[in-house]
Amino acid sequence: MGLKWYTARRVAWAGVAAFVILTVTFVLLDYAPDPELARIQFRAAATGADAETAAEAYAERRGLTGPLWERYLEYLGNLATGDWGWSDTRSQPVLAAILTALPYSLMYTVPAVALSTVLGIAIGLYSAFNQYTTTDYAATFVAFFGVSIPNFWFGIVLLLLFAVQLGWVPVLFDAELARTRPLSLANARQLVLPVFVLGTSAIASTMRYARAEALEYVRAAFVKAARAKGASEWRILTRHVLRPTLVPLSTILVGDLLGIILSASYLVEVVFGIPGLGRLSLEAIRRQDTALVLGTTLVPVLVAVLGNLLQDLAYALLDPRIDYGDR
Amino acid sequence: MIGAEDSPGTGTDDSESADGGEPPSERFEDVDWASIDADGGGRSPLRLAALVAAGSYGLAVASDRLVAGGDPTIDVAFGGVAFVWDATAVDWLFVATLSVLAFALVPLARNRRLVAYYWRRFRRHRPAVLSLAYLLVIFLLGTVGTLFLDPPALDVAAAYQPPVFLSVDASIPTECVGPVVEGRCQGTWRYPLGTTADGKGLLALAIFGMRVSMQVGLIATLISITIATAVGATAAYAGGWIDEALMRYVDIQQTFPTFFLFLFLAYLYGGSLFVLIVIFGVTGWGGIARIVRSEALQRSEETYVAAARSAGASGPFVVWRHVVPNVSNSIVTAATLNIPVLILSEAALSFIGLGNVTLPSWGQTIAAGRGDLATAWWVSTVPGLFLFATILAFNFLGNALRDALDPRQEVGR
């Protein structure tokens with residue numbers, strides 16, 4: 001099977017996966033109790049009106065009438081055309097709310113991902129070259145620490161230490177400052193802790209994968225040959241070990257890191273009060289704004305579908321040994 | 001009660017299949033086939049014990065649901081100490097989980113030599129041995145300890161007490177329980193870890209939080225590994241379109257980021273502990289199923305499977321008797337590494353307020369202390385330390401187990 005056929009199949013599969021996920025979400029939404037409906041019925045009953053009529057009027061307004069498949073098609077069509085519903089609590093389209101929140105999320109996730117990737121690979125390679133030394137054990141411990149520490153709690157502890165006790169960084173995130181002067185020093189100062197917290201959880205897995213992958217090549221015959229020919233350690237590291245290591249690593253980074261980043265950033269935003277996607281979603285959950293909850297959940301899901309697709313394609317492109325028939 | 005009666009039954013088969021034991025060294029013609037055939041009836045003492053356990057469990061649940069109703073399940077007093085326990089649905093699930101675990105340990109207890117071998121391998125990881133000790137303490141405090149302790153109670157007069165040996169400005173607590181020295185309120189042994197804004201003792205809250213975490217981690221993981229083993233082993237053994245369909249489904253389930261799946265479902269169906277456990281258990285098994293499948297694929301190629309099949313064993317029998325016991329090492333490792341993920345997820349969900357607010361979960365307490373960071377730092381910090389230590393311990397334990405039980409798997413991946 002060729003690369004083209006493989007790519008086509010993976011793209012088609014990503015489409016199917018997205019479609020199935022959207023369908024399942026629709027079914028879940030359809031069968032879940034609707035808090036808004038319950039509220040309206042309660043209000044109608046309390047004021048002496050007929051709860052049934054109120055419920056029907058609500059269904060009419062929301063487009064909840066008609067047979068199931070018709071509503072299903074409409075739901076899919078709306079999602080595809082960018083009409084993600086109307087957020088009642090924010091009085092704006094869901095997509096607009098998401099687009100306003102997105103820059104705040106990117107503001108700290110992008111530096112965190114970049115830092116943790118570079119540092120994670122560097123530390124992982126160093127560990128692999130110095131296996132079973134004290135530094136290697138220290139690095140392994142840091143990895144365990146990063147995987148195990150609840151990032152929302154870590155954020156609270158850091159806030160307590162550096163904002164409340166030492167006063168080095170502001171306790172509250174200033175959204176106005178972040179919006180008007182995103183590149184200022186003051187903004188960088190308030191983003192240090194979120195980047196650090198997100199980075200620790202992301203660096204751990206990068207580090208462990210990088211170490212495991214690099215270990216396969218550290219003792220490989222071609223590395224020995226390079227060393228015998230007098231190549232410097234730096235050259236061996238960058239040319240002979242880093243390059244083959246990057247191939248599997250690049251794919252792992254896309255797929256696995258994505259899940260960590262998406263969920264960690266949600267909690268980080270809640271702790272630090274950053275008005276990004278996570279906070280938006282939390283507000284929607286607290287105020288039972290189902291359309292917005294759905295929208296903010298679908299963003300990470302679609303990102304994940306895309307990430308998985310990119311992971312498969314990157315693997316096929318970078319590693320010519322891959323067997324296309326395999327899963 | 002939802003299918004809880006089935007669980008001990010699963011345990012029976014589980015332990016039955018794993019207790020292969022040592023075959024006596026005798027020649028083929030010495031084998032007493034008549035006795036083996038009689039044995040095949042499946043009335044081993046173990047199976048009988050499991051049946052009795054399942055039966056009495058079913059009766060207990062039924063009596064709690066039908067007879068006791070809203071009254072406490074157990075209400076006895078001996079020697080002046082009253083023992084009252086009103087079992088909830090989650091408690092019953094937990095009891096079932098623990099009995100299944102107990103039955104799963106029987107084959108291990110029978111095979112001392114193997115246990116000693118694994119223990120020697122496991123012992124080399126000193127952090128893991130420490131972790132095991134810590135987790136046993138947490139487990140016992142959370143399960144047995146909470147039965148004899150009073151749940152933390154509201155006591156506004158005792159709000160914001162600092163932990164023992166520490167002090168805080170006397171203006172912060174409403175009333176200082178301990179002595180006030182130079183305008184600073186000292187912590188007392190009555191509240192060794194301090195109190196919250198409601199005057200609840202943090203030590204008691206932490207201990208009750210242990211129960212919540214253990215319930216979430218153990219019950220949901222048991223549900224997960226049951227489904228994952230069934231799906232993974234079936235997919236590997238059956239192959240063909242069954243394999244394709246099952247693993248494609250796992251693909252899709254895995255694509256949905258776990259945290260958001262939990263979040264979305266908890267939002268839609270409410271975040272009571274029971275619902276959370278069911279959500280975690282029923283949707284979080286994809287990764288384990290993949291591990292089981294890939295291991296089972298290798299086992300299915302082994303000669304003993306071919307031998308069993310040529311002797312006329314049916315598909316389900318081969319899977320249950322030969323494939324599953326031989327991938328159990330990977331299952332144990334994967335299960336151990338699954339527990340901390342679930343504990344963390346539960347803590348995160350209750351931290352953002354999706355859990356049951358009346359439940360003394362660690363995440364709940366951390367969230368409650370967030371507003372008082374400047375004045376009462378201990379409220380958020382103490383439960384977080386327990387949470388962190390527990391997750392770290394499970395991760396150490398899982399890695400050491402992988403090393404000890406699973407020499408095939410590469411460490412660090």
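So, pLDDT is the predictor's confidence in each residue, from 0 to 100. Residues are numbered from 1 along each chain as its sequence is written, while chains are lettered from A and ligands numbered from 1 in the order in which they are written.

Okay, confidence. The model scores ipTM 0.82 and pTM 0.83. Chain A has an average pLDDT of 82, with 93% of its residues at 70 or above. Which elements of chain A have the lowest and the highest mean pLDDT? Helix H3 of chain A, residues 51-62, is lowest at 72, and helix H10 of chain A, residues 221-228, is highest at 90. When I say helix, I mean a DSSP run of H or I with at least four residues, numbered from the N terminus.

Chain B averages 80, and 83% of its residues score at least 70. Look at residues 1-22 of chain B, though: pLDDT there is below 50, and yet the stretch has 54 contacts in the model beyond near neighbours in sequence. A contact here is two residues whose C-beta atoms, placed from the backbone, lie within 7 Å. Where pLDDT is low, the predicted coordinates should not be read in detail.

Now, how do the chains meet? The contact takes 35 residues from chain A and 38 from chain B. On the chain A side, the helices that each supply at least two residues include H1 (3-31), H9 (185-218) and H11 (233-272). By class, that side of chain A has 27 nonpolar, five polar and three charged residues. For the classes, Ala, Val, Leu, Ile, Met, Phe, Trp, Tyr, Cys and Pro count as nonpolar, Asp, Glu, Lys and Arg as charged, and the others, Gly among them, as polar.

On to chain B by itself. It is divided into domain 1 (46-87) and domain 2 (91-155 + 195-409), with bounds from an automatic or database domain assignment. Their C-alpha centres lie 25 Å apart. Seven residues of domain 1 of chain B are in contact with seven of domain 2 of chain B. Helix H3 of chain B (45-68) gives the most to the domain 1 side, five residues. That side has seven nonpolar, no polar and no charged residues.

Axes are lines fitted to C-alpha atoms, for helices over the stretch in contact, and angles run from 0 to 180 degrees between N-to-C directions.

How do H13(B) and H15(B) cross? The axes of H13(B), residues 315-351, and H15(B), residues 378-405, come within 8 Å and cross at roughly 170°. These two are therefore roughly antiparallel. On the cut-offs: under 35 degrees is roughly parallel, over 145 roughly antiparallel, 65 to 115 roughly perpendicular, and the rest oblique. Residues meeting here include Leu337(B) and Ile343(B) in H13(B), and Leu397(B) and Leu401(B) in H15(B). The contact of H13(B) with H15(B) has 13 nonpolar, six polar and one charged residues.

H15(B) also packs against H6(B), residues 126-148, at about 130° with the axes 8 Å apart. So H6(B) and H15(B) are oblique to each other. Among the residues involved are Leu135(B) and Ile138(B) of H6(B), and Phe394(B) and Leu397(B) of H15(B). By class, the contact of H6(B) with H15(B) has 12 nonpolar, two polar and no charged residues.

One more pair. H4(B), residues 89-110, and H7(B), residues 202-238, have axes that come within 9 Å and cross at roughly 65°. That makes H4(B) roughly perpendicular to H7(B). Among the residues that meet are Leu93(B) and Phe94(B) from H4(B), and Leu218(B) and Leu222(B) from H7(B). The contact of H4(B) with H7(B) divides into seven nonpolar, two polar and no charged residues.

Definitions and conventions:
Predicted model: local features only at pLDDT ≥ 70, side-chain atom pairs only at ≥ 80, totals over all residues.
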